[in-house]
Amino acid sequence: MRVISGSARGTKLDTIESINTRPTLDRVKESFFNIIQKDIEEDSVVLDLFAGSGSIGIEFISRGCKKAYLCDKSYEAINIIKKNLQKTRFTESAIVINKDYKKCLKNLSEENIKFDIIFLDPPYDANIAIDAVKTILSLNLLNETGKIIIETDREERELKGFKELNLNVYDCRKYGRVSLIFLS
């Protein structure tokens, strides 16, 4: 796994050797960033929830966003994220949070932090993407023009849930068994 573009382009990132995490494939990550590159500005603040190795948050920083929050409840994941941030020299541009997603979102809300882009890549079998989006919306964590992107292998389940929330699904892309769902 590597940083695809920007100031840290080509840097190899460490990953977690575990069956509980699966890094976003480079081809999915590259396509994802091609779609949203125009939304990344130098004052953008992003959240990589369920960050794993931190590759998505690091890619955002490499491409010029101001600050990335990377959250994962796994202590092992947090150690890998910190290593990868040091390797890319992005420690100052990132905030690493070792908490369950609900506690993390609640704390961010209490700090009155708003995000331009939130990327969710929860464990596929956990069925928590819809709950995470509901929590994000109820805590008002998204800027007015903000976007939420979900990586999932259960596209139909997620789309049905988002339809019930009256969210605008403005794009949906499938890459093998993985789908990216773009919400605004």
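Which exposed residues does the face of H3 turned away from its buried side carry?

A: In this predicted model, the face of helix H3 that is turned away from its buried side carries the exposed residues Tyr75 and Gln86. The buried residues of H3, for their part, are Ala77, Ile78, Ile80, Ile81, Asn84, Leu85 and Thr88. An α-helix has 3.6 residues a turn, so residues three or four places apart point the same way.

The length of the helix can be checked as well. H3 comprises residues 75-88, and at 1.5 Å a residue its 14 residues should span 20 Å; the C-alpha atoms at its ends are 20 Å apart, which agrees with that expectation. At the start of H3, a side-chain oxygen of Ser74 comes to within 3.3 Å of the backbone nitrogen of Glu76. At the other end, H3 is followed by Arg89, whose phi is positive, near 60 degrees.

As for the cover over the buried residues of H3, it includes H2, S2 and S3, and each of these deserves a look in turn.

Helix H2, residues 55-62, is mostly covered, as eight of its eight residues are buried, among them Ile56, Ile58, Phe60 and Ile61. The buried residues of H2 pack against helix H1 (26-36), S1, S2, H3, S3 and S4, and H2 lies across S1, S2, S3 and strand S4 (115-120), running at about 175 degrees to S2. Just after H2, Gly64 takes a positive phi of about 110 degrees. Another helix, H4 (residues 101-110), also lies across S1, S2, S3 and S4, where it runs at about 160 degrees to S1.

The strands S2 and S3 belong to an open sheet of seven strands, which has the order S3-S2-S1-S4-S5-S7-S6 and mixed pairing. Strand S3 (94-97) and strand S6 (169-175) stand at the edges with a single partner strand each, so one side of each is left without a neighbour in the sheet. Neighbouring strands of this sheet are turned by 15 degrees against each other on average, direction ignored.

Strand S2, residues 67-71, runs parallel to strand S1, residues 45-49, and five bridges join the two; in S2, Ala68 is the bridge partner of Val46. Lys67 also lies in strand S2, and with a relative accessible area of 21% Lys67 is partly exposed. Leaving aside residues up to four places away in sequence, Lys67 touches Ser44, Val45, Val46, Glu92, Ser93 and Ile95. With Glu92 there is also a polar contact, as the backbone oxygen of Glu92 lies 3.3 Å from a polar atom of the side chain of Lys67.

Elsewhere in the sheet, strand S5 (residues 142-152) holds Thr152, which is buried, with a relative accessible area of 2%. A polar atom of the Thr152 side chain lies 2.9 Å from the backbone nitrogen of Arg154. Not counting residues up to four places away in sequence, the residues that Thr152 touches include Tyr124, Arg177 and Ile181.

Technical notes:
Residues are numbered from 1 along each chain as its sequence is written. This is a predicted model: local features need pLDDT of at least 70, side-chain atom pairs count only at pLDDT 80 or more; totals for chains, interfaces and linings use all residues. Side-chain values use heavy atoms; hydrogens and water are left out. Two strands pair if DSSP finds at least two bridges between them. Helices (H or I, at least four residues) and strands (E, at least two) are DSSP runs, numbered from the N terminus. Axes are lines fitted to C-alpha atoms, for helices over the stretch in contact, and angles run from 0 to 180 degrees between N-to-C directions. Contact means heavy atoms within 4.5 Å. The expected span of a helix is 1.5 Å times one less than its number of residues. Buried means under 20% relative accessible area, exposed over 50%, partly exposed in between (1.4 Å probe, protein chains only). A polar contact is a pair of N or O atoms within 3.5 Å; within protein, one must be able to donate a hydrogen and the other to accept it, and residues adjacent in sequence count only if both atoms are side-chain atoms.
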